[in-house]
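Here are my notes on the model you sent. They cover the fold outline, the surface and the aromatic residues.

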Amino acid sequence: MKQGSTLFLKVVLFLIAAVIMTALLWLPQLEGRAKNLDLIGIYSDPFILYIYLASVPFFTGFYQAIKLLGYIEQNKTFTALAVKSLRNIKYCAIAFSLFCAGALPNIMIYGQDDDAPGVVLLGVVIIFAAFVIATAAAVFERLLQNAVDMKSENDLTV
């Protein structure tokens, strides 16, 4: 694959990660129940800490996607390393969606009556998107594993 297209995908991933990292650090100071807290108090709020914990599988999945693009650049697409990266992306997407699902009851209980339905709907959309990513990664993992197996059989035959 041409390096330009994988470079473009890497840049897009880095931009998405930068926007989300900025939102994780900046938005708790502006909105919500931590709005009136000081800088240290914001980050002792259990819900904000839960969101930071949920971001770990999210950013791990981003890292695995960048590794996978690196394998594609190096023409190591049909290797066990690429299959492992896809497997890790699948697990990260599932873990992230479970973290998001765990946050929804807290939002429904403590959210304001007017705002909670919109935020819950947004959470459901995020969970659905994470499951779509997990499903796509599982399908690609299976296809890539079959291709790796066929390649190893052909290498042994020749």
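Is F59 buried, partly exposed or exposed?

1. F59 has a relative accessibility of 21% and counts as partly exposed. Buried means under 20% relative accessible area, exposed over 50%, and partly exposed in between (1.4 Å probe, protein chains only).

2. On provenance: this is a predicted model, in which local features need pLDDT of at least 70 and side-chain atom pairs count only at pLDDT 80 or more, while totals for chains, interfaces and linings use all residues. Residues are numbered from 1 along each chain as its sequence is written, and side-chain values use heavy atoms, with hydrogens and water left out.

3. The chain contains five helices and zero strands. Helices are DSSP runs (H or I, at least four residues) and so are strands (E, at least two), numbered from the N terminus.

4. Of the 158 residues in the chain, 31% are buried.

5. Rings of Phe, Tyr and Trp (its six-membered ring) pair if their centres lie within 6.5 Å; planes under 30 degrees apart count as stacked, over 60 as edge-to-face and the rest as tilted. The Y50 and F99 rings lie 5.7 Å apart at their centres with planes at 70°, so this pair is edge-to-face. Y50 belongs to helix α3 (residues 46-73) and F99 to helix α4 (residues 80-110), 49 residues apart.

6. F58 and F59 also make an edge-to-face pair, at 5.4 Å and 85°. One aromatic cluster is formed by F58, F59, F62 and F96.
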